[in-house]
Amino acid sequence: MNKRTFGTAKAQGGDVVSEIGLGTYHLTSDKGVPRDEALRVVERALQLGVNVIDTAPLYGRGESEELLGIALEGRPEPHFLATKVGHLERTEDYRSFDAIMRQFERGLKLMRRESVDALQVHEADWGHWWEGSAIEDAPVLQVLRRLKEEGRVRFIGITSNHAEPLAKLLAAYDFDVVLVANRYTLLWQDAADALLPLAKQKGTAVIIGAPFHQAAFSARHPEWLTNPPAWVTPGRLEQFKKLYALLDRIDIPIAELSLRFILRDARVHVVIPGSSRVSELEANVAVSGKDPLAPGMLEALAEINRIEA
């Protein structure tokens, strides 16, 4: 497993993290994954050198956090645990210091620990978080700062499925880490221009979530070429046709190409594909250390992305 230094952690002792982490959104019963299989996935991840694990209260409504409390308790392997606050019950809770703190405290109990490595604002682009005050005065940032001062959280950050709002928030406040999902993939790459340059400039750690874009790149979907989903525009369909033709030429599985494309970028510190089975995890981890993508391959991907989608 290749390792990378975690962004601003360089100034705080230099956390060295696995370049491939584990997202736990799919490791819950509501996603059809039995508890014993979920535990095997986490155990195998640690055995393979994965040391970054990401969760959130939303995932299984606490089930993911509870899973990690069981799976990580007493494990000798070092690990970097990131969780979130968000998806609160009431709109007014987003402006409540106490409500946000209660959610964090509940997560700690489920995870059977007194602290976490990173705490992030889930869906930080939602306006509820920031209404009525400057960003630095928002209740959620008061919570994050308090917890960091107390040593219960080491890094604070923001997450979103949209790159541009994250860049605006990062420009306004010095977060330690930013997690962007679905926006740095084979065909969706706005994070490359909107977010990654600023993160590099500020020394902010970057986590790439949902590298397979909701299963669009975890496997091929040849049926899409003749019967595309409603969200696939004519331009996007043309991109998929070109991408599948490229895959035929280079003989690399689409999931592997997705991860190698992201990992070629030194501005990325960790990519966290979700794995619901041990076999999926092992396939993802096997990508670490593969040879860099050839320049011709990268140019072919760039040409595909020049098609207006």
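S6 and strand S7, residues 153-160, run parallel and pair over five bridges. Keep in mind that this is a predicted model. Look for Gln-120: opposite it, in S7, stands Gly-157. How does the chain get from S6 to S7? It goes through helix H4, residues 139-149, and this β-α-β crossover is right-handed.

Now the other side of S6. There, strand S5, residues 80-85, pairs with S6 in the parallel sense, over four bridges. Thr-83 stands opposite Leu-119 in S6. Between S5 and S6 the chain passes through helix H3, residues 97-111, in a right-handed β-α-β crossover.

Is S6 itself enclosed or open? Strand S6 spans residues 116-121, and six of its six residues are buried, under 20% relative accessible area. So S6 is largely enclosed by the rest of the structure.

One step further along. Strand S4, residues 52-54, runs parallel to S5, and three bridges join them. The bridge partner of Asp-54 is Ala-82 in S5.

Zoom out to the whole sheet. Eight strands form it, and the sheet is open. The order is S3-S4-S5-S6-S7-S8-S9-S10, with parallel pairing. Which strands sit at the edges? Strand S3, 22-23, and strand S10, 270-272: each pairs on one side only. As a reminder, strands of a sheet pair through backbone hydrogen bonds.

Next, the packing. The largest nonpolar core has 89 residues. Phe-217 and Leu-243 touch the most other members. Helix H9, residues 254-263, gives the largest share of this core, seven residues.

Stay with Leu-243. What is it in contact with, beyond its neighbours within four places in sequence? The list is Leu-186, Leu-187, Phe-217, Ile-254, Leu-257, Leu-301 and Ile-304. There is also a second, separate core, of 14 residues. Among them are Val-52, Ala-205, Ile-207 and Val-270.

Last stop, the largest pocket. About 860 Å³ of space lies in it. The lining counts 40 residues. Nearest the centre are Tyr-25, His-26, Ala-210, Gln-214 and Gly-274. Which elements each supply at least two lining residues? S7, strand S8 at 177-181, H9, and helix H10 at 278-285. H9 gives the largest share of this lining, four residues.

How values were computed: Residues numbered from 1 in each chain as written. Predicted model: local features only at pLDDT ≥ 70, side-chain atom pairs only at ≥ 80, totals over all residues. Heavy atoms only, no water. Core = buried A, V, L, I, M, F, W, Y, C linked by side-chain atoms within 4.5 Å. Buried < 20%, exposed > 50% of the residue type's maximum accessible area, 1.4 Å probe, protein only. Contact = heavy atoms within 4.5 Å. Pairing = 2+ DSSP bridges. Right-handed = clockwise from strand over helix to strand, strands pointing away. 1 Å grid on protein atoms, 1.4 Å probe; cavity = no way out; pocket = protein on both sides within 12 Å on 5 of 7 lines; lining within 4 Å. Points joined across faces, edges and corners; volume = space filled by probe spheres on them.
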